[in-house]
Amino acid sequence: MALIEFLGYTSALIIGVSLGLIGGGGSILAVPVLAYLFYIDEKTATAYSLFIVGFSALVGGLKQYLKGYVDWKTAVVFGIPAIIGVSIIRKFVIPILPNTFFSINDFEFTRRMAMFGLFAVLMIPAGLSMLKSEKTASKSDVVKYNYPLILIEGILVGAITGLIGAGGGFLIIPALVILANIEIKRAIGTSLIIIAVKSLSGFFIGDAFSMDIDWAFLFTFTVVSLIGIFIGSHLSSYIKGQKLKKGFGYFIFVMAVFIFYMEFFI
């Protein structure tokens, strides 16, 4: 195994450990790892990330369900428009994006720049969400839905997921708290189920049957990440997650700058 490949699978393990330790965030590193350590192109990297993020979120979501932190009705109400959004993007939009959007003299603005540039920009709010302290204030037991806003938010989050291959928990959790009046722990558990369903739907509807998938690699990467989740879950009993969460938030900022530099200056 080449050193760069070893680093790639080690990163997959770290992604899982971070998910197990702090409950989220790690999956946003899947696309950079696939692109820069395994040299996978932007369309395939975002597709693979949907699969990896989907299964990772499914494991986390089922764990939250066993603790009673999943609101299934909310998952359906928010999840359906999200599935529609991600499926439209992966099935119809991604395939027709041109390799080069425009050029100015010797500079070409490519599809890769657009997708990874958007990814880097959206890593900023993701990092900020990791720096915020968890609010313990509880919401009412009565869940009230703002259906028009949930529909718009769901489609928007699904579209973003389809474009960049990340779960979008940093967008979903505040939406559930604000638009569905759900307390934070249930919002986190419910968001994992939504992320799992929409990510896997986007992959299987938009990519699995329209591109050549290296299933052996994809399963290996996913299994290594899942092993990391169980390791992180075990370690979470001994390590305080809040400080790690903030440190990971700063690391996401560094990765955002790195991606932007790699795509626009290298």
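## Aromatic side chains

Let's start with the rings: Phe101, Phe102, Phe109, Phe260, Tyr261, Phe264 and Phe265 make up one aromatic cluster. Here, rings of Phe, Tyr and Trp (its six-membered ring) pair if their centres lie within 6.5 Å, with planes under 30 degrees apart called stacked, over 60 edge-to-face and the rest tilted. This is a predicted model, where local features need pLDDT of at least 70, side-chain atom pairs count only at pLDDT 80 or more, and totals for chains, interfaces and linings use all residues. Residues are numbered from 1 along each chain as its sequence is written, and side-chain values use heavy atoms, leaving out hydrogens and water.

The structure holds 25 aromatic pairs. One of them joins phenylalanine 51 and phenylalanine 55 in a tilted arrangement, 4.8 Å centre to centre with 55 degrees between the planes. These two residues are four apart in helix 3 (residues 42-66), so about one helical turn separates them. Phenylalanine 51 is buried, at 2% relative accessible area, whereas phenylalanine 55 is partly exposed, at 28%. Buried means under 20% relative accessible area, exposed over 50%, and partly exposed in between (1.4 Å probe, protein chains only).

## Overall fold

The protein has 10 helices and two strands, which are DSSP runs numbered from the N terminus (helices: H or I, at least four residues; strands: E, at least two). Along the sequence their order is α-α-α-α-β-β-α-α-α-α-α-α.

The C-alpha trace spans about 60 × 45 × 30 Å along its principal axes. Of the 266 residues, 52% count as buried.
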